[in-house]
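Colleague: I am new to this structure and would like to understand how its labels were reached. Could we go through them one at a time?

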Amino acid sequence: MNFKLHSEFKPSGDQPEAIDSLVQGIKQGMRAQTLLGVTGSGKTFTMANIIEKIQRPTLVLAHNKTLAGQLYAEFKELFPENAVEYFISYYDYYQPEAYIAATDTYIEKDSSVNDEIDRMRHEATKSLLTREDVIIVASVSCIYGIGEKEDYLALALMLETGLEIPMDAVMAQLINMQYTRNDFDLVRGSFRRKGDIIDIWTPDSEHTLTRISFFGDEIDKISYVDAITGKTEYTRDYIELFPASHYATGREKLNRAIDKIEAELEVRLNELREAGDMIAAYRLEQRTRYDMDMLRETGFCKGIENYSRHIAGREEGEPPCTLMDFFPDDFLLFIDESHQTIPQVGAMYNGDRSRKEMLIQYGFRLPSAFDNRPLKFDEFEQRMGQTVFVSATPADYENKHSEQVVEQVIRPTGLLEPEIFIRPVEGQIEDILAELKEQKKSGDKSLIMTLTKRMAEDLTEFLKKENVRVTYLHSDIKAVERMQILNQLRNDEVDVIVGINLLREGIDLPEVSLLMILDADKEGFLRSERSLIQIIGRCARNDHGRVILYADEVTDSMMNAVSETNRRRKIQKEYNEKHNITPRTIKKAVRDVFDIVAENSRESSGGKGRGKNSKGGIDAVRLINEGVSGGTEEENNKLIDKLTAEMTKAAKELDFERAAEIRDIIIELKGKK
């Protein structure tokens, strides 16, 4: 199928020009371009329009799960008829294997796999191999090895009605594909036999079983049935089944790999023994020989990815096969928030290698474990294809490699970049007090940015003595309190928040119309050009936003940030005047995890309003407040149960930001028991 965009909106503002320019650049063969789009300008909608016009498989790369989840939901809504897939790390929790030599502490790998995300990863690779209208939204985990594409394809099982093949042969092949036989409790990646029927729950299927019906040694029927009701949903004449694991490989190739691993083991053991490290040699031999026994018997072992180089048949140092290798050569790549995503991709390899060096040195892993790794940055560049960097503040890499930079600075809401004023440090406290009094009269809220925690706390204490409703926010504040503080501002319980870097990105506070930045002339990460532009953007949700920079001198970062903001504001203002658009402050309901838990509590009880439910439970909001402030153990336990259920639900709905917030609340409550 072709990509078909579904939306009630049409490109507006400078979106049409941005779309046309980027599309022409792609058609002209430009290797890399940049979409410089301000927050709220509809960058995702622009990307979607480009995909529809170009009609190529697309990878959208994000720097964290939360952003990836938001993009996936948006693209899923925009392309309901096409294959929009989601590929992120499938761990809810992950503690990598590590060794700390200074304390002789070995940390075993510990993880909790999210079954739903694992299913979606399999669905992503299957879609790439079976259709062309595919959009994959992925985090940077897509640059890690996932097993060889050739092995994955070679093990695929093609079945069709009328094919003569014994049931035992089909089951043997399924086992070779890493499926397990389970006649009692069928789960994803397993199959069962009932008479002349084989039911298979493929790893990419959400709730549908593949049923193969035999008549003797002939396949009589291929149907899809509901896993719970057993009701047939539809039938097919042909089916292609893919392995249950991305690391599945053929038996012959696996046996060759085992021989190579054992040969490497002998070489490494001799090295350790000659160095006099008998403990490391003993440890390595016991662990590796156990793993080889498991591979011979079952075709799998814990930590099999550490032997991936031998299993894949790669040479030492050769890059692993990743999700990017599953794409055709002409795929499109969008790197969202590229100023953060690109550095993160570059940092992955070094961090992974430094951890493995200790494991290998002290006999926990073979040297070939180095090749179970993410791509190096130059390897990533070789696989990038035609790329569009997407960011409000493109970094040096994007500027250097882009053949054209396309701007998108007009917001559909008509909102402008905030006005910026530079004032001297001398007398700044008096000036801050005067500004806050004016803000109080208008009912608007304010943010004050400092450089240190101590300064934030001291300034907060001073303002309190001046009868200002103020609080501070920095990294020492726990997750629960952070959410409460932000909501206090939005609910008119406080007028000012004093913070450091936590207010720089990702905080959406439309009530804030004034941002005051102290020590704006102190060059560094917190006061770089890009950081200042991001900070200034915190006021872009209000129709009369202002930013005051307090400084003794105007640094290059300040000058560039102010110039860029004023340039964008001028373009936006001229557009509004030409089209008679009146900017309006964004209205956003105050909702947080407390409200959501309370709603779920009321919905589950069938009651209205607050109070005790039909099961004698206590209102979730009151429980949270009491739990955080030191409620009884029984109340804490009840609340933890409620929040655990809500966290699981949020993770399943791919709302990882909310799930992480609830997780932090649970950890805090458990600490008070």
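Colleague: In which helix is the place of M559?

Modeller: M559 sits in helix α17, which covers residues 556–579, a helix being a DSSP run of H or I of at least four residues, numbered from the N terminus. This is a predicted model, in which local features need pLDDT of at least 70 and side-chain atom pairs count only at pLDDT 80 or more, while totals for chains, interfaces and linings use all residues. Residues are numbered from 1 along each chain as its sequence is written, and side-chain values use heavy atoms, with hydrogens and water left out.

Colleague: Why is M559 called partly exposed?

Modeller: Its relative accessible area is 43%, and because buried means under 20% and exposed over 50%, with partly exposed in between (1.4 Å probe, protein chains only), M559 is called partly exposed.

Colleague: What makes up the lining of the second largest cavity?

Modeller: A cavity is a set of points on a 1 Å grid over the protein atoms alone where a 1.4 Å probe fits but cannot get out, and lining residues have an atom within 4 Å of a point. Among the residues that meet this for the second largest cavity are V38, T39, R411 and E417, and its space is about 90 Å³.

Colleague: How many cavities does the search find, and which residues lie nearest the centre of the largest?

Modeller: The whole structure has five cavities of 30 Å³ or more; the largest holds about 150 Å³ and is lined by 20 residues, with G147, E148, Y247, S308 and R314 nearest its centre.

Note on methods: 1 Å grid on protein atoms, 1.4 Å probe; cavity = no way out; pocket = protein on both sides within 12 Å on 5 of 7 lines; lining within 4 Å. Points joined across faces, edges and corners; volume = space filled by probe spheres on them. Helix = DSSP H or I, 4+ residues; strand = E, 2+ residues; numbered from the N terminus.
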